[in-house]
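Biologist: Could you put the model up so that we can go through it together?
Modeller: Of course, here it is.

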Amino acid sequence: MQTAYHNSRQSKYRAPFGAVKTSDKFRLSLSVSDELNSQLTSVKLRIWIYDSERLIDPIAVTQDGDGMLYSFELTAPEEPLLIWYCFILKTPSRTLYYGGDSGEGSLTDYFPPCFRITVYSWAYTTPDWFKKGIIYQIFPDRFYKSGYDTVKAGANYHASLGRPVVVHESWSEKPLYRPLPGEVYYNPCDFFGGNLQGIRERLPMLADLGVNCIYLNPVVESPSNHRYNASDYMRIDPFLGDDNALRELAGDARKYGIRIMLDGVFSHTGDDSVYFNKRGTYPSLGAYQSQDSPYYSWYDFEAFPDKYKCWWGFETLPETNELDSDYSEFVLSVLDHYASLGIYSWRLDVADELPDEFIKKLRRRIKQNDPDGILLGEVWEDAITKRDGFGNWRGYAHGDELDSCMGYPFRQAVVDYLTGVCDARGLLERLGAICESYPEPFLMAQMNLLSSHDTQRILSVLGGCPHRDALTRDEQAEFTLPDDAVKLAKRRFVLATIIQMTFVGVPSLYYGDEAGMCGLADPFCRGTYPWGKEDTQLYESIRRLTRARCENTSLMFGGITMCALSESVIAIRRAWGDSQAIAVVNGRDCEANISLCASDFNELAGADDCCIAGCYEDVLTDGTFDANNGVLNLTLSPYEGALLIKRRK
């Protein structure tokens, strides 16, 4: 036994596991060896909330093997916040501290890092429908083109406004990545013609993948193919269709059990917009043109008209003042407009740049329009420890803002494990920290992605491509992975998907990953779907895994336990009633002989009592494995994994 020990993920030392609800009781404990205990004059728990510190005496001291267990009981505050804690041990001659970040800590003679507890609203819930299936992210221009009418309409409309437009003749061409002739800067003004009708026609395929939520990158009018520089929030870009096309897509999708989520870009508009109108494109009186404009208060001008606050220094993206009452009311009307078309869920672009009060307003309106509407935020870091520009903790997961966020920490952890940056124990540590940090409603709704429109494609990353900043755009355009690297990447991608389908949260596919698409940084991660050239073997493996995820109750709602069986092998178990699934992944270039039993699963404290018994079937191979005497035995080849579903009696 260590001289002192606490583990924030084990119920002996912290109960309940993870985040706690407001006003709920929780218990923290510290084990101390007899040798150290004999020297102590006191053991106290130090609690820190905001700038307030409290020292708490134990409520019980009990025998604990060869030592003593000091237990402390507390009641969570009545408001959502963060609690930090460590233990202080005093002897007649010195003061010792026990602290850490997550999981196990350490005993030191200096003030340590402090463990953290997230306190969230007792009333916080997130919609169950969202947790039952798969998110499928689509960059609309690049998914599927149905007919040429919208291509002509879009090209003619934008050209009539004096905007540069490049229409690709072939679906298989590379995206534009150089400046147009005579221009200095790259302009994403090239279009392949993917449209809303095309998505509508592919709904049967998406339903077969288990998709129940389509997340669309922006669809509103804009001069660019990515449409993050909105020109008119109330108008569908004619390259994609119109209001009726979106209404029909949403209606048909519902017939397949699929809901649409739109991308809300409200931290800035385009300069070439109805609202700012810097180029005089529109007949409206834009904020750039006059201080009498109805939109003037939406923006912050340091010196009118040419010096204004803009997003990350891009003058084409003037920032909005989200707390301006006129602007916030307008955004609420945008939510109402699309609700009238059958769309109630939104992903917030750069949520970390939006004020908490603004996000709260959006959530209230979304839930008024449909209690099952989702508000998902783009947050790249741990959403709990994120601060605003004034050093205040963000309230994303308190219960009155986001339903959840994009799981970039999950993505990075899985990538690091499969590319050798960390081993299975390192992955276990990082996944465990996510489970410990996030409130259960937030955690269960987290968007667990492997690729997005802002990242290099997962196959390229798992194949060992250079960092996104290591190559010029010309070099990226010509870069291809060697054949052996592609084969390795696909094996690793299947492993990543096994982990993704088994971990808590909602798995997300970025269009075309399942078909074998590669691509480096923007715009190369935004290529066209390879219709007719899909890797059918890879597609079928991913389809088997996604179908298992949306057909197995334990993978939707089950408690989670995890373990690292070696440096190379991680196992994840989910259980819900008599439904059970176990993922075993070998992320290294070596064979792994595995004997898995219930006692291996010592993470996490929030799960049920683990039991391994009966017959399990592998989703990928249809092979069966019997748990003889509570032990599952299997052999995994290098970079091989299994998702085992327990057969019901």
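Biologist: How far apart are the mean positions of the positive and negative charges of the chain?
Modeller: The mean positions of the 65 positive and 90 negative charges are 3 Å apart, where Lys and Arg count as positive and Asp and Glu as negative, with His and the chain ends not counted, and where each charge is placed at NZ of Lys, CZ of Arg, CG of Asp or CD of Glu. Please keep in mind that this is a predicted model, in which local features need pLDDT of at least 70 and side-chain atom pairs count only at pLDDT 80 or more, while totals for chains, interfaces and linings use all residues. Residues are numbered from 1 along each chain as its sequence is written, and side-chain values use heavy atoms, with hydrogens and water left out.

Biologist: What radius of gyration does the chain have?
Modeller: The chain has 26 Å, which agrees with the value near 26 Å that a compact globule of 649 residues would have; the radius is taken over C-alpha atoms, and the globule rule is 2.2 Å times the number of residues to the power 0.38.

Biologist: And how much of the chain is buried?
Modeller: Buried residues make up 60% of the 649, with buried meaning under 20% relative accessible area, exposed over 50% and partly exposed in between, for a 1.4 Å probe and protein chains only.

Biologist: Which residues have the most contacts inside the largest nonpolar core?
Modeller: They are Tyr136, Phe143, Leu196, Ile214, Leu216, Phe266 and Leu643, in a core of 137 residues; such a core is a set of buried Ala, Val, Leu, Ile, Met, Phe, Trp, Tyr and Cys residues joined through side-chain atoms within 4.5 Å, and contact means heavy atoms within 4.5 Å. Helix α13 (residues 483–502) gives the most to this core, with nine residues, helices being DSSP runs of H or I of at least four residues and strands runs of E of at least two, numbered from the N terminus.

Biologist: Changing topic, which peptide bond at proline 305 is cis?
Modeller: The bond from phenylalanine 304 to proline 305 is cis, with omega near 0 degrees, and proline 305 sits in the loop between β20 (301–303) and β21 (307–308). Aspartate 522 and proline 523 are also joined by a cis bond, with omega about 10 degrees.

Biologist: Is valine 350 buried or exposed?
Modeller: Valine 350 counts as buried because its relative accessibility is 8%, and this residue has a positive phi of about 35 degrees although it is not a glycine. Tryptophan 312 also has a positive phi, of about 50 degrees, but it counts as exposed at 67% relative accessibility.
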